Amino acid sequence: MIIRFLVSALALGLATWLLPGITLDYAGEPAGAALTMLIVAAIFGLVNAVIKPLFVFVTSPLLLITMGLFLLVINAALLMLTSWVCAQLGVPWGVAGFWDAVWGALLVSIVSFVLNSFVGRRGEVHR
């Protein structure tokens with residue numbers, strides 16, 4: 001569980017580093033920026049755990065029609081919601097717009113999928 005949280009933080013950090021529309025306004029030392037990204041990952045995880053099931057349930061017909069591609073829009077909306085929560089809490093991280101959130105959601109999804117495939121679960125037999 002902790003490793004998956006760190007994978008999420010790393011994916012969000014990579015999206016922040018690569019995409020100009022996702023910013024971390026931290027001028028201090030790198031350890032402070034890393035701590036900020038851990039806070040962002042915690043907020044993102046909480047938003048995903050609480051809000052995403054509701055979004056998926058409400059938009060399930062659209063998800064079926066688009067064969068799941070609408071999940072990218074849902075993930076972008078959750079990334080923007082995370083940005084809003086961060087702004088409310090004074091965390092210096094944000095997403096500039098919807099398309100930045102879409103590209104960020106795509107990058108976070110890909111990086112998380114790849115890294116989680118290497119991590120795996122302990123004691124689980126892969127068949």
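**A loop residue and a pocket**

A: Met67 is exposed, with a relative accessible area of 75%, where exposed means over 50% and buried under 20%, using a 1.4 Å probe and protein chains only. This is a predicted model, in which local features need pLDDT of at least 70 and side-chain atom pairs count only at pLDDT 80 or more, while totals for chains, interfaces and linings use all residues. Residues are numbered from 1 along each chain as its sequence is written, and side-chain values use heavy atoms, leaving out hydrogens and water.

Q: Where does Met67 lie?
A: Met67 lies in the loop between helix H4 (60–65) and H5, helices being DSSP runs of H or I with at least four residues, numbered from the N terminus. Phi of Met67 is near 55°, a positive value in a residue other than glycine.

Q: Switching to Ser112, is it buried or exposed?
A: Ser112 counts as buried because its relative accessibility is 15%.

Q: OK, and which residues does Ser112 touch?
A: Leaving aside residues up to four places away in sequence, Ser112 touches Val7 and Ala11, a contact being heavy atoms within 4.5 Å.

Q: Which helix is Ser112 found in?
A: Ser112 is found in helix H6, which covers residues 98–119.

Q: What does H6 give to the lining of the largest pocket?
A: H6 gives the most to that lining, with six residues.

Note on methods: Helix = DSSP H or I, 4+ residues; strand = E, 2+ residues; numbered from the N terminus.
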